[in-house]
Amino acid sequence: MYDLVADVASYPDFLPWTAAARVRSVTPREDGAEVMEADLVISFKLFREKFGSRVTLWPEDLAIDTEYLDGPFKYMQSEWRFRDVEGGCEVGFSVDFEFRNLLLQKAAGLFFFEAMQRVVRAFEARAHELYGAKP
């Protein structure tokens with residue numbers, strides 16, 4: 001599951017509303033982490049925005065941290081944590097963000113929970129497709 005989430009370039013293949021992804025750079029660090037800078041284009045009805053993120057991959061800790069670089073947000077951070085469990089993997093995910101545009105922020109509040117559920121289901125379905133894991 002860690003590898004699936006870390007493969008940002010493949011997000012348009014399975015994540016809802018993700019129209020494009022581009023990895024700008026990947027830089028290994030001495031502490032074993034890798035820092036990826038990437039752009040995602042999110043498209044939903046009339047809304048289409050590109051935003052950049054710095055993604056820190058911690059393969060030994062099975063963790064991924066994302067921080068916002070540029071785009072429509074005031075701020076955005078997310079954390080992924082993975083833990084092997086019998087018969088599979090337990091995934092922890094948290095995200096915190098605020099749009100610069102008040103109208104977008106209010107709209108996000110209306111559908112955020114449903115949107116996050118769809119994103120989680122998309123990752124589960126992709127895991128099933130790639131690894132035969134149960135969705």
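Predicted model: local features only at pLDDT ≥ 70, side-chain atom pairs only at ≥ 80, totals over all residues.

1. Gly132, which comes just after helix H2, takes a positive phi of about 75°.

2. Helix H2 itself covers residues 102-131, 30 residues in total, and spans 41 Å from its first C-alpha to its last, close to the 44 Å expected at 1.5 Å a residue.

3. Which residues of H2 are buried? They are Ala108, Ala115, Val119, Ala122, Phe123, Arg126 and Ala127, and the buried residues of this helix pack against helix H1 (2-6), strand E5 (73-85) and strand E6 (88-99).

4. Arg126 deserves a separate look, being a charged residue in helix H2 that counts as buried because its relative accessible area is 13%, under the 20% cut-off. Leaving aside residues up to four places away in sequence, Arg126 touches Leu4, Ser10, Asp13 and Phe14.

5. The side chain of Arg126 also meets that of Glu129 in a salt bridge, with N to O at 3.2 Å. The two residues are separated by about one helical turn, because they lie 3 residues apart in helix H2.

6. The structure holds 11 salt bridges, and side chains of opposite charge can pair when their charged atoms come close. One of these bridges is formed by the side chains of Arg24 and Glu37, at 3.8 Å from N to O; the pair links distant parts of the chain, with Arg24 in strand E1 (residues 18-28) and Glu37 in strand E2 (residues 34-44), 13 residues apart. Arg24 counts as partly exposed at 32% relative accessibility, and Glu37 also counts as partly exposed, at 22%.

7. Arg24 and Glu37 belong to a network of salt bridges that also includes Arg22, Asp39, Arg54, Glu67 and Asp70.

8. A further salt bridge is formed by Glu98 and Lys74, whose closest N and O atoms are 3.2 Å apart. This pair, too, links distant parts of the chain, since Glu98 lies in strand E6 and Lys74 in strand E5, 24 residues apart. Glu98 counts as partly exposed, with a relative accessibility of 26%.

9. Turning to the rings, the structure holds 12 aromatic pairs. Why is the pair of Tyr11 and Phe14 edge-to-face? The ring centres are 6.0 Å apart and the planes stand at 80°, so the pair falls into that class, for which the angle must be over 60 degrees. Tyr11 counts as buried at 9% relative accessibility, and Phe14 counts as buried at 15%.

10. Phe51 and Phe73 also form an edge-to-face pair, at 5.3 Å centre to centre and with 85° between the planes. Here the pair links distant parts of the chain, with Phe51 in strand E3 (residues 47-58) and Phe73 in strand E5, 22 residues apart. Both Phe51 and Phe73 are buried.

11. Finally, ring pairs link Tyr2, Tyr11, Phe14, Trp80, Phe82, Phe93 and Phe123 into a cluster. Phe123 is among the buried residues of H2, and Phe14 is one of the residues that Arg126 touches.

Key:
Residues numbered from 1 in each chain as written. Heavy atoms only, no water. Helix = DSSP H or I, 4+ residues; strand = E, 2+ residues; numbered from the N terminus. Expected span 1.5 Å × (residues − 1). Buried < 20%, exposed > 50% of the residue type's maximum accessible area, 1.4 Å probe, protein only. Contact = heavy atoms within 4.5 Å. Salt bridge = Lys/Arg side-chain N within 4 Å of Asp/Glu carboxyl O. Phe/Tyr/Trp six-rings, centres within 6.5 Å; stacked < 30°, edge-to-face > 60°.
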